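Me: I would like to learn how to read the helices and contacts of a model like this one. Could you take me through a few features in turn?

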Amino acid sequence: MTKTSTEIQNDIYQFIQTYATTDDQQLSESDFNRVALDLFDYQFKSNLPYKRYAQSQRKSPLIVNNWQSIPLMPIQGYKQLTLSTTPVQKDEPVFMSSGTTDPNHRSHNYHPSFKVWDASMKYPFKQFVLPDRDKMTILGLFPGEKTNSNSSLSRYVTKAIDFFGDDKSGIFIDENGMDYQGIVGALKDAERQGRPVMLLGASFSYVHLLDYLNEQKLTFKLPVDSRLFDTGGFKGQSRSVDAQDLFDAIKNTFNIDRDHYINMYGMTEISSQCYDQNLVRLYHHLPLDYTKAAPAWVRVRILSTDTLQPVESGHAGLIAYYDLANWNSCVAILTEDMGIQDENGFEVSGRVQGAEAKGCSIAVDQLLHANQM
Amino acid sequence: MKRTVMGTIKVIPVDIFKMPRGITLTNFGYQTITIGQLDYSLRFPIVTPDAIVEINDRLRHNQAAYLSHLTVAEIISKIDQAVNLWTHPDYPQRRLAMKLLPQITGYNAETVELEIKRFIRVFRKKELMRFVDSELDQPEILDDFHPQKSGSMTKAFGPETTFHVFSGNIPGLQIWSLIMATIVKSASLGKTSMSEPLFPVLFDQSLAEVSPELADCLAILPWKGGTMNLEEAATSATDATIVYGSDTALDAIKELVPKSKIFLHYGYKISFSMIGREALTPEYYLQTVKQAIEDVAVYDQQSCLSAQTIFVEKGGTTSPLNVAKLLASELANYQLKRPRAELTNEQAAAVVRLRNDYQLKALNDSDVQVFASDGNTDWTVVYHAHPGFVNSPLNRTIHVYAIDELEQVPEYLQPFKQYLQSCGLAVKPTRLFSLANQLGRAGIDRISALGEMTRAKPGWHHDGHFNLLDLLRFIDVEQNTERAAEKFDPDVE
């Protein structure tokens, strides 16, 4: 029997509650498989474009009998199609991508309810970002929900502060730009009071902040347990940043060590996030590991760019993302991110770029780029 | 040291550089490729800007001492002798090329063998004479002063040394540029790409067998493109720079070339083909499809001459949609016969992305259909029931557009004008030249038969321009000088 929207949300919510604090995927495997198949069945029946895409791939709930064979919606589908299992209501919350690569086409992910999304955000954040405490001072360096209600990251930052920020927390950026003096003040307070802080923002937020602090010759000795959180990457931004240079700058400017730097993998088209494991391992006195872990309701597979079949452990390929929290659109997504996975976790090596033409022939991206100039 | 159950692997050294005699290089890098039980150790020099200057000085000296004194006819004859060596299947350089190039480039071995054989014949004496003749009414003008209709006596000079920046997309293509420069009596400093560093070196070895002095007018070596100090040294030391390859490669080097010097660039290009309804009769349609696929499959569309899009005219015995399906099955056959090169992740992902885009589009748009190899990226055909124009991510990926009349094609080409190059054309004689005229206006610079797109002929105006003329400068001796000189003849009465 195909589940209703409410039933499937309840199942997923229940799943998240059950496995809130475990990233041991074996433990959750059979439940994951069951809910994923139910969810695919539900989406196949209620999300017509997904159904048609699945059919074009010769897939249907009748023949899909494990989560690995659920058809992967290419991430472009979120731009080209309206992917929603419930009729899209006027004023329904929707997350849209910033559309940097193609301004005319932005991804849309509709969220008639945030119950599952919030649960999916909350527990892994606690586990991976705050393994040592329940609340801390969070300085948001990305515009909040009020500034940009269509950004999944904006909602994320706002919720992080709602759930885990103390009364000194806040967001220091809005449509007018970054409040550098506010940030400096907050950092100085924390330094003086010996109160650890978390800086939380998009990767490129730090480029601007570090530039400013460097210009002002400002450095901080932030208290032990302070941490720096970023997400996204530096590609396509004002300038590219070498990872080691960034870690050095973070250390020199904030006194935050590499093992207190944590990166989150998330995107508009999905509803769960993955995190670097170093912080949780550090506080549990386990050997350090900088690969990413997924929560129990997410599976990550790395697929060959040629065959779209799983590659061997340690080989690079496209990231396929299976996310139970994405109940209203598609449970399985083929991203355009390259990644590598082993038994410990996965790494994201970046967005796949257009093929560099070897000679005088021209590939799509380069042509687009050329025409933009 | 690698061991196998069969014993130690044998290591064969191969130099992928060639220097004029008298140049001593001491610092080397190595790259190994393994074929069966053999390791080929490719050796290349690691040079400094000073070495580039020294090499150029030597080339300049050799050009003045030897090449500048040869006549064009003598140069052509020597090149012809070297080319003739390559027409023997047992010629060691040829055998080495056939063995190593498929490994280095990833292209199918049979394709490499066939195409190199065809390609080398383009440089035989009669072809080179045609080539020179197509650009110079009097090729001897490169040897001596010749009278002009204006009355002056004129001689042409090429650069003394030319810096070539090669791309590695098509094996062997580098020698086109080297031979051009040699014919205008320029010594050459060739920078190869590590994606195909071999062929020009082997060809220079052949020249050395024929004429060591001529071979001494060429220096060939690879380095990483964008190595600023080397490229700066090379562009400022030589008289002319010719760059093949991407706009990125171009921009970096163009900056370095002094304004006063010759700079030529052969860059990004897109080619396509057009199939008229008259080529889709029951008698011809299968042959037409096979030929069209040749333009796509040879060298996996890495050549700028390869078709990326095919326009198919409606009204033939077989419909454009059916042609698209036939093209797909011919690509599948070709894959069995001559498999495509393995792709990098970026290349394969580009094909995957294209397929995803159009498969998603096809969900809501019955005018688009995707035919693709199953379970891999080997080949892809995207059929469009309405005309348009778009380039492809290459590697045997094509767009097929149905169109009412081929005469309508140019209207879809406009946004791509600066990138257009060759058009493979299958139409009846009465349409050929009016279509050619339209395509010429649209920016196309070469029209060929289907199946021949990737095999440009000597004398082709590469990218629409002259090959030799752009390298030349001329000196005119006015008639009055001659008359004045007569006065000073002590013997004059």
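Reply: Let us begin with helix length: the expected span of a helix is 1.5 Å times one less than its number of residues. Please keep in mind throughout that this is a predicted model.

Me: What span should the 14 residues of helix H15 of chain B have, and how far apart are its end C-alpha atoms?

Reply: Helix H15 of chain B, residues 429–442, should span 20 Å at 1.5 Å a residue, and because its end C-alpha atoms are 20 Å apart, the two values agree. Just after H15(B) comes Gly443(B), which takes a positive phi of about 115°.

Me: How should I read the packing of two helices, and at what angle do helix H3 and helix H7 of chain B pack?

Reply: Two packed helices are described by the angle between their axes together with the distance between those axes. Helix H3 (residues 92–105) and helix H7 (residues 199–210) of chain B pack at an angle of about 175°, and their axes are 10 Å apart. Angles over 145 degrees count as roughly antiparallel, and H3(B) and H7(B) are therefore roughly antiparallel to each other. On the H3(B) side the contact is made by Gln93(B), Leu96(B), Ala97(B) and Leu101(B), and on the H7(B) side by Phe199(B), Leu202(B), Gln205(B) and Ser206(B). By class, the residues of this contact of H3(B) with H7(B) are five nonpolar, three polar and no charged.

Me: Which residues of H3(A) meet H13(B)?

Reply: H3(A) packs with helix H13 (residues 345–364) of chain B at an angle of about 120°, with the axes 10 Å apart, and H3(A) passes H13(B) in a right-handed crossing. Pro49(A), Arg52(A), Tyr53(A) and Ser56(A) in H3(A) meet Gln359(B), Leu360(B) and Leu363(B) in H13(B). This contact of H3(A) with H13(B) has four nonpolar, two polar and one charged residues.

Me: How many residues does the contact take from chain A and from chain B?

Reply: The contact takes 33 residues from chain A and 42 residues from chain B. Among the elements that give two or more residues to the side of chain A that touches chain B are helix H3 (48–56), strand E15 (332–341) and helix H11 (364–372) of chain A. That side of chain A divides into 17 nonpolar, 11 polar and five charged residues.

Conventions: Residues are numbered from 1 along each chain as its sequence is written. Chains are lettered from A and ligands numbered from 1 in the order in which they are written. This is a predicted model: local features need pLDDT of at least 70, side-chain atom pairs count only at pLDDT 80 or more; totals for chains, interfaces and linings use all residues. Two residues are in contact if their C-beta atoms, placed from the backbone, lie within 7 Å. Helices (H or I, at least four residues) and strands (E, at least two) are DSSP runs, numbered from the N terminus. Ala, Val, Leu, Ile, Met, Phe, Trp, Tyr, Cys and Pro count as nonpolar, Asp, Glu, Lys and Arg as charged, and the others, Gly among them, as polar. Axes are lines fitted to C-alpha atoms, for helices over the stretch in contact, and angles run from 0 to 180 degrees between N-to-C directions. Angles under 35 degrees count as roughly parallel, over 145 as roughly antiparallel, 65 to 115 as roughly perpendicular and the rest as oblique. A crossing is left-handed if the near helix is turned anticlockwise from the far one by less than a right angle, and right-handed if clockwise.
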